[in-house]
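Colleague: Could you take me through this one? I would like to go over the charged pairs and then the aromatic rings.

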Number of protein chains: 2
Amino acid sequence: MSKEEKILEAATDEFLTKGYDGARMRSIAESAGINKGLLHYYFKSKEALILKVFHSLFREIFSELSDIFNSELSLFEQIERGIGTYIEFLIQNPRIPFFVVGELNRDKKAHLRRMKEAKVPPPFMELGRSIEEARKRKEVKSDTTSREFILNMMSLMLFPFVAREMIMFTQQINEKEFEAMLRNRKKQVAQLLIMDLKVKAK
Amino acid sequence: MSKEEKILEAATDEFLTKGYDGARMRSIAESAGINKGLLHYYFKSKEALILKVFHSLFREIFSELSDIFNSELSLFEQIERGIGTYIEFLIQNPRIPFFVVGELNRDKKAHLRRMKEAKVPPPFMELGRSIEEARKRKEVKSDTTSREFILNMMSLMLFPFVAREMIMFTQQINEKEFEAMLRNRKKQVAQLLIMDLKVKAK
DNA sequence: GTCTATAATTTGATAGAC
DNA sequence: GTCTATCAAATTATAGAC
């Protein structure tokens, strides 16, 4: 692994756990096994470094989903598999959602500019279209809009990872119970969302 | 307003917008119209100050709900009103959820110790009990546990406020459209959750 | 209680040798 | 490319006058 890769790995870990303001360049250099000077040789500044890290993670967090929602599966199969796969991915990478959300709160403009330049497409566009098509075919019977649906889906999938500690407190459960609950959610969330689409609007 | 109150108000604003690591004692002193020395006279340290701020906000964010869920209304009315009132509260105080979540991620132990000392009860206990009672009376027919239900409810209510910027990007909408969507959610989220409780388990 | 002045430390970043 | 040494600025916190 090159020094540059080691730096990126160490920086990712530091930013994921401490956030931009809490992260320390010194700490990143130490973890990467190099000195501070070299950090600034490869990455001009702390800001430039986190932009790079954010960009990779944002791609990662949404690319998995794109594959599924662009597949040939039926809408309901896409949703079921998409949610299962995604929650499993989040169990393996639990800190990404809070980091991404926090960075966009801290400096939306800088990140969006960079993503625009790199032509990262906004996720879920494809899913939204599939839902509207299924609605025309009467497979979707509720009056939930695709936008509302996607927001509900994101909320149910991502919130437990963003607010892990808060949930463990309000529900008075420990790590083990929490993780068991997460695994259950794979089926449970898909079921809830699909029912919402299928139930007839009144 | 006393100097101490002015400090607390300024500190709340600073911590809500910048978080612990991003907040500056100098900035708080300026906003409060006092000097830095006085900050440390009233509050020993930055840490002590944020503990105080967190504690008040955490109480605030959950006390509204407790009133409703301890009322004499029927379960489904409690849920409907609780969600409506709460989302409206969040529209008025949109930064609280991200702050609370972030602080618990940063230093769970310190905050929990303080809340235990102050005997702040974990929220939603009452709601959980009501659901289980309604299940015995066959008013709740699904196999969704009360824990799962509460987690779904928190996710659907809080996530849009935690991840506001991310949602606006992924959905490609502006402030106005986002806020219209939030208002819609009052009814829409309640409807979805209640349906989940009423639908028969298969 | 409220202020000024300053201590003590830490931070991100740069200069320059090799 | 990689390192050492160091700068300049900013931070929290304290001491002490009034």
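**Charged pairs and aromatic rings**

Modeller: Glu88(B) is partly exposed, with a relative accessible area of 26%, where partly exposed lies between buried, under 20%, and exposed, over 50% (1.4 Å probe, protein chains only). This is a predicted model, in which local features need pLDDT of at least 70 and side-chain atom pairs count only at pLDDT 80 or more, while totals for chains, interfaces and linings use all residues. Residues are numbered from 1 along each chain as its sequence is written, chains are lettered from A and ligands numbered from 1 in the order in which they are written, and side-chain values use heavy atoms, with hydrogens and water left out.

Colleague: Which side chain does Glu88(B) meet in a salt bridge?

Modeller: Its partner is Lys186(B), at 2.5 Å from N to O, a salt bridge being a side-chain nitrogen of Lys or Arg within 4 Å of a carboxyl oxygen of Asp or Glu. Lys186(B) lies in helix α10 (residues 175–198) of chain B and Glu88(B) in helix α5 (residues 75–92) of chain B, so the pair ties together parts that are 98 residues apart in sequence. Helices here are DSSP runs (H or I, at least four residues), numbered from the N terminus.

Colleague: And Lys186(B), is that buried, partly exposed or exposed?

Modeller: Lys186(B) counts as partly exposed, because its relative accessibility is 23%.

Colleague: How many salt bridges are there over all chains?

Modeller: The structure holds 22 of them over all chains. One of chain A's joins the side chains of Glu47(A) and Arg106(A), at 3.7 Å from N to O, and this pair links distant parts of the chain, with Glu47(A) in helix α4 (residues 46–69) and Arg106(A) in helix α6 (residues 96–117), 59 residues apart.

Colleague: What about Arg129(B) and Glu126(B), where do they lie?

Modeller: Both are in helix α7 (residues 125–136) of chain B, 3 residues apart, which is about one turn of the helix, and their side chains meet in a salt bridge of 3.4 Å, N to O.

Colleague: Switching to aromatics, how many pairs does the structure hold?

Modeller: There are 17 aromatic pairs over all chains, and Phe15(B) and Tyr20(B) form a stacked one, 6.5 Å centre to centre with 10 degrees between the planes. Rings of Phe, Tyr and Trp (its six-membered ring) pair if their centres lie within 6.5 Å, and planes under 30 degrees apart count as stacked, over 60 as edge-to-face and the rest as tilted.

Colleague: Are those two buried or exposed?

Modeller: Phe15(B) is buried, with a relative accessible area of 1%, and Tyr20(B) is buried at 16%.

Notes:
Helix = DSSP H or I, 4+ residues; strand = E, 2+ residues; numbered from the N terminus.
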